[in-house]
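Colleague: I have the model open on my screen and would like to go through it with you. Can we take it slowly, one spot at a time?

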Amino acid sequence: MEQTLITQPNTTRGWINGFIGVVIFSGSLPATKIAIEGFSPDFLTAARAAIAGILSLIIFAFLRQSIPTKAHFLPLIIVAVGGVIGFPFLTALALQYVSSAHSIVFIGLLPLATAFFAVLRARERPRKLFWLFSIIGSLFVIGFALFQGGKSTLIGDLYMIAAILLCGLGYAEGAVLSKKLGSWQVICWALVISLPIMLVLCVILWPTNLANVSTKAWLGLVYVSFFSMLLGFFFWYRGLAEGGIAGVGQLQLLQPFIGLLLSAWLLDETVNSLMIASTCGVICCVAASKKFAS
């Protein structure tokens, strides 16, 4: 089957696709909280990538996709190491030493990391005001997280820094490759490349008793496997490729707040005035970043 490639940029469509991707990724927070009631974080990380990898193989078989050329394999490995293996694994390690509230500090740095690698890998050149609003937006997220409190340790912070750098690199590399392979093809091939490692980890980390896992935990696993690990990237990589990696990447600033709103809706968590004020500030910075991204 012929691949649908991204040949012409469309900024508006790119931002819409990017926003849809961020909303899907934001659901990962409540879904993961639900899933770890029945599964360990390590097994959940491996299982969601393995399930998404198997689904990718089924998609390729059904659509009869051709194997990428040799020139595409190194970028695909970078995408796999960054987004499929590195970020989930390193954040799982980090969360053994830091709280989830403290980890939001580093999530606020992810748009900056993505923009940095957009300059290196995609030769994008955002204007100076873009960097100003990107930094201010990140400070809104970091400030919100610091007011939320939470424990931290040096080793946990180092794991989170490594996770953010790998994820930013994976996003930028995937967006560049999407213009040649297509957005959904990139994440599917990255998942297939990661599949052998993830299957081995699933066997090693297999739970001793699955009978006691609740239906809610299974639904959480389904969400992070199908939506967070697969479908969200269909929109995200296409959005980055069409709208610009540095600019659309700023939408990630909204992810912690959308995730907390979903948690409030699904898990009865509290939405306070600080979160509302921080969200408004972030929205203003994202809008300004869009204006000065190119």
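Colleague: Which residues does Ser194 touch, not counting residues up to four places away in sequence?

Modeller: Ser194 touches Ala80, Val84 and Ile85, where contact means heavy atoms within 4.5 Å. This is a predicted model, in which local features need pLDDT of at least 70 and side-chain atom pairs count only at pLDDT 80 or more, while totals for chains, interfaces and linings use all residues. Residues are numbered from 1 along each chain as its sequence is written, and side-chain values use heavy atoms, with hydrogens and water left out.

Colleague: Where is Ser194 found, and is Ser194 buried or exposed?

Modeller: Ser194 is found in helix α9, helices being DSSP runs of H or I with at least four residues, and strands runs of E with at least two, numbered from the N terminus. Ser194 counts as buried because its relative accessibility is 1%; buried means under 20% relative accessible area, exposed over 50%, and partly exposed in between, with a 1.4 Å probe and protein chains only.

Colleague: Changing topic, which residues of helix α2 are buried?

Modeller: In helix α2 (residues 28-35) the buried ones are Ser28, Pro30, Ala31, Ile34 and Ala35. Seen down the axis of α2, these buried residues fall within an arc of 170 degrees, so they line one face of the helix; the arc is that of the directions from the helix axis to the C-beta atoms.

Colleague: And what about Tyr97, where is that found?

Modeller: Tyr97 is found in the loop between α4 (70-94) and α5 (100-107), and because its relative accessible area is 32%, Tyr97 is partly exposed. Leaving aside its neighbours within four places in sequence, Tyr97 is in contact with Lys151, Ser152, Thr153, Ile155, Gly156 and Tyr159.

Colleague: Last one: what is the phi of Arg64?

Modeller: Arg64 has a positive phi of about 55 degrees although it is not a glycine. Arg64 lies in the loop between α3 (41-63) and α4, and Arg64 counts as exposed because its relative accessibility is 69%.
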